[in-house]
Amino acid sequence: MFSKNKILVVGMARSGIASAKYLLRSGAEVIINDSKDKESLKDIIKEFDEFEKVKFIFGRNPNSKDLSDIDFAVVSPGVPLDLDYILEIKENGKEVFSEIELAYRASREKDLDFIAITGTNGKTTTTSIVGEIFEKAGYETYIVGNIGNPAISAVEKASEKAVLVTELSSFQLESVVDFNPKVSSVLNLTEDHLNRHHTMENYAKAKMNVFKNQFDREVCVLNYDDETTRKMAEYCKAKVIYFSRKVQLDEGIFLDKDNNIVMKMNNKLQKIMSSKELSLPGGHNLENCMAAIAICYEYGIDIETIVDLLKNFKAVEHRLEYVDTVEGVSYINDSKGTNPDSTIKAVQSYEHPIILIAGGYDKGSDFNELFEIAKKYVRSVVILGQTSDLIEDTAKKHGLDDIYRVETIKEAVYKSHQIANEKDIVLLSPACASWGMYNNYEERGIDFKKSVQELKEK
């Protein structure tokens, strides 16, 4: 499909490596660019020893002459699209898009279906639930995207008619062109990544790209309780299905007066299950499960299969993940909580007093709402990272004075152990990205779990 193309791949993270290898195996000529130097990337470079039609360019500003004859560029999610050489490529009439778009174009030869899930919070959990339901229903299923598995690798392996259940970030969506999923969903929208998107309007526009190519033969699932996502229906040409845990809808997925999850379609009301039967705690997970029900039902999966999975689904790693109990204190890994709204949902999930471990890379977030709500649940805060000053000032402003500063996650675990009482919850939910201290939130969560294990072994 791409055998006659010369293609620039920018960024040597997971999706960039996967894209470059796929294109090279397809017969394309590939230029790989990364801001790091050759020495830093030597192990990755070795992975391309088997390929002949590949060239590496290192540094943040490659010479435009080296890129003058490319056909298009595939840009990794972490690469800003307003870099000078990226803008120059666009000005020269060449397409610049994400690995997700590449995967979609490649998938056409196999007639694969994409299920696309985005939103500020809950993406990973909902994607995992939906993926497992599809697997249980007997579909050849690949759980891909922002969850950590490049979609292009799955496209290469998949048989015809397979399904790619895809978690999508705003970074991945802001550069899609033709991408058109069978079912899409926007779970919610709260302030995040403003250091990249600058305004909430830009952030919302990126998210809405998930359904921009859908029409009435496709489905979009939206959160009715979130005003921003509810209003997205005005711009959506697909069949819109709402879910709500606060309003009894005329049509959609919602709670009845007995807290049963029910579905009303074509004036027919059907009980799905009691919300108490869900395996995952918290109101946010109720929303995730409602979205999953709508997505899977609209695709054609029977209710019995959906309900059985929802009763037995286990929490995603790094998302309200129970780690261990040490001396009567429970340790919870919510390293996936990378913005204030996600941490709000985390602290609201527990009845016992919380020691909150927070802080990290500054994405330009506002922590006022977090600590106005958290003061009802949190008795102590242990902070670290670039945002320490801002978090401490904001927490004190809202009446949380029991604050401790540390340098590492290990120190945070030990300090929490020192101040904890029996039945307390020690919750790692940073409300910030991990960058600057770790490569990703997974590394941060693993470090937390390792520190808890070391604490237990002492």
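Contact here means heavy atoms within 4.5 Å. By that criterion, 12 residues of domain 2 are in contact with 13 residues of domain 3 in this predicted model. The domain assignment divides the protein into domain 1 (6-93), domain 2 (101-311) and domain 3 (321-457). Taken over C-alpha atoms, the centres of domain 2 and domain 3 are separated by 28 Å.

Residues of its lining come from both domain 2 (101-311) and domain 3 (321-457), so the pocket lies between them. The space in this pocket is about 410 Å³. Its lining is made up of 20 residues, and those nearest the centre are R245, K246, E287, D341 and K345. Helix 11 (283-299), helix 13 (340-347) and helix 14 (368-374) are the elements that each give two or more residues to the lining. By residue class, the lining of the second largest pocket holds three nonpolar, nine polar and eight charged residues.

In an unreviewed entry, UniProt places the feature "binding site" at G119, T120, N121, G122, K123, T124 and T125. Two of these positions can be followed in more detail. G119 sits in the loop that runs between strand 6 (113-118) and helix 5 (123-136). Its relative accessibility is 0%, so G119 counts as buried, the limit being under 20%. Apart from neighbours within four places in sequence, the contacts of G119 are V186, L187, N188 and K207. T124, by contrast, is found in helix 5. With a relative accessible area of 5%, T124 is buried too. Leaving out neighbours within four places in sequence, T124 touches I147, E167, V316, K336 and Y441. Of these partners, K336 and Y441 fall within the bounds of domain 3 (321-457).

Helix 4 (residues 99-107) is another buried element. Nine of its nine residues are buried, so helix 4 is largely enclosed by the rest of the structure. The residues concerned are E99, I100, E101, L102, A103, Y104, R105, A106 and S107. Charged side chains are therefore included in this buried set, since Glu and Arg count as charged.

Outside the four places on either side in sequence, E160 is in contact with E109, K110 and L112. I7 is 153 residues away from E160 along the chain, and the C-alpha atoms of the two are separated by 26 Å.

Helix 16 (residues 409-419) contains S416. At 0% relative accessibility, S416 is counted as buried. Setting aside neighbours within four places in sequence, S416 is in contact with I355, I357, V382 and V426.

Most residues other than glycine have a negative phi. N259 is not a glycine, yet its phi is positive, at about 60 degrees. This residue is placed in the loop between strand 12 (252-255) and strand 13 (260-265). N259 counts as partly exposed, with 36% relative accessibility. K423 is likewise not a glycine and has a positive phi of about 80 degrees. The loop between helix 16 and strand 20 (425-428) holds K423. K423 is exposed, its relative accessible area being 52%.

Conventions: Residues are numbered from 1 along each chain as its sequence is written. This is a predicted model: local features need pLDDT of at least 70, side-chain atom pairs count only at pLDDT 80 or more; totals for chains, interfaces and linings use all residues. Side-chain values use heavy atoms; hydrogens and water are left out. On a 1 Å grid over the protein atoms alone, a cavity is a set of points where a 1.4 Å probe fits but cannot get out, and a pocket is an open set with protein on both sides within 12 Å along at least five of seven lines; lining residues have an atom within 4 Å of a point. Grid points are joined across faces, edges and corners, and a volume is the space filled by probe spheres set on the points. Helices (H or I, at least four residues) and strands (E, at least two) are DSSP runs, numbered from the N terminus. Domain bounds come from an automatic or database domain assignment. UniProt positions are given in the numbering used here, feature names are shortened, and annotations may be inferred rather than shown by experiment. Buried means under 20% relative accessible area, exposed over 50%, partly exposed in between (1.4 Å probe, protein chains only).
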